[in-house]
Amino acid sequence: CDGSRAKLLTNRGRPDAPVLEVVEAWEAPDNPPGRAQGSGPPGRVFQSADGRRSAVEAPDLHEAAERRFVQEAADRLVAALKGGSARAVVVAPPRALAVLRARMDPDWTGRVAVEIDKDLTRHSLPDMARILAAG
């Protein structure tokens, strides 16, 4: 999973020689860069005591959309694992992995066998299998 793509895969092979198959794949809707999403000058805050003004940093709408997508992917993964005994290997870049961890419920956390902080979303299934088997 990354901020714009997620795949739920199953391993039909062995841990040391995985044969991966796609169960589900999701893509985020179009998410232009933050500079293209914001408009207007930054907000201002007025201090009541002395009347000074301060600029307030505008939220990064691009990053917020990526975070929402990763949270939704985590919810889908939890739903896919409910009721079964399968263990999960979670692969995501560090920032997405942090969002996934924060979204995990305690029941799901115990079913994660390994967390790998890499972005493999653009790799082919054979490349993913080779990278996972090596590391």
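Biologist: What volume does the largest pocket have?
Modeller: In this predicted model, the largest pocket holds about 940 Å³ of space.

Biologist: And which residues lie closest to its centre?
Modeller: L9, A88, V89, V90 and V91 are the closest to the centre, out of 37 residues that line the largest pocket.

Biologist: Which element gives the most to that lining?
Modeller: Strand 1 does, with 6 residues. Elements that each supply at least two residues to the lining also include strand 2 (20–27), helix 2 (61–81), strand 5 (88–91), strand 6 (112–116) and helix 5 (125–134).

Biologist: How do the residues of this lining divide into nonpolar, polar and charged?
Modeller: The lining of the largest pocket has 27 nonpolar, 5 polar and 5 charged residues.

Biologist: What about the volume of the second largest pocket?
Modeller: The second largest pocket has about 240 Å³. Helix 2 and helix 3 (94–103) are the elements that give two or more residues to its lining, and helix 2 has the largest share, with 4 residues.

Biologist: Which residues line the second largest pocket, and how do they divide?
Modeller: Its lining consists of D2, G3, S4, E63, E66, R67, V70, P93, R95, A96 and V99. Of these, 4 are nonpolar, 2 polar and 5 charged.

Biologist: Changing topic, where does F46 lie?
Modeller: F46 is in strand 3, which covers residues 43–46.

Biologist: Is F46 buried or exposed, and why?
Modeller: F46 counts as exposed because its relative accessibility is 55%, and the cut-off for exposed is over 50%.

Biologist: Which residues is F46 in contact with, leaving aside neighbours within four places in sequence?
Modeller: With those neighbours set aside, F46 contacts R52 and R53.

Notes:
Residues are numbered from 1 along each chain as its sequence is written. This is a predicted model: local features need pLDDT of at least 70, side-chain atom pairs count only at pLDDT 80 or more; totals for chains, interfaces and linings use all residues. Side-chain values use heavy atoms; hydrogens and water are left out. Buried means under 20% relative accessible area, exposed over 50%, partly exposed in between (1.4 Å probe, protein chains only). Contact means heavy atoms within 4.5 Å. On a 1 Å grid over the protein atoms alone, a cavity is a set of points where a 1.4 Å probe fits but cannot get out, and a pocket is an open set with protein on both sides within 12 Å along at least five of seven lines; lining residues have an atom within 4 Å of a point. Grid points are joined across faces, edges and corners, and a volume is the space filled by probe spheres set on the points. Ala, Val, Leu, Ile, Met, Phe, Trp, Tyr, Cys and Pro count as nonpolar, Asp, Glu, Lys and Arg as charged, and the others, Gly among them, as polar.
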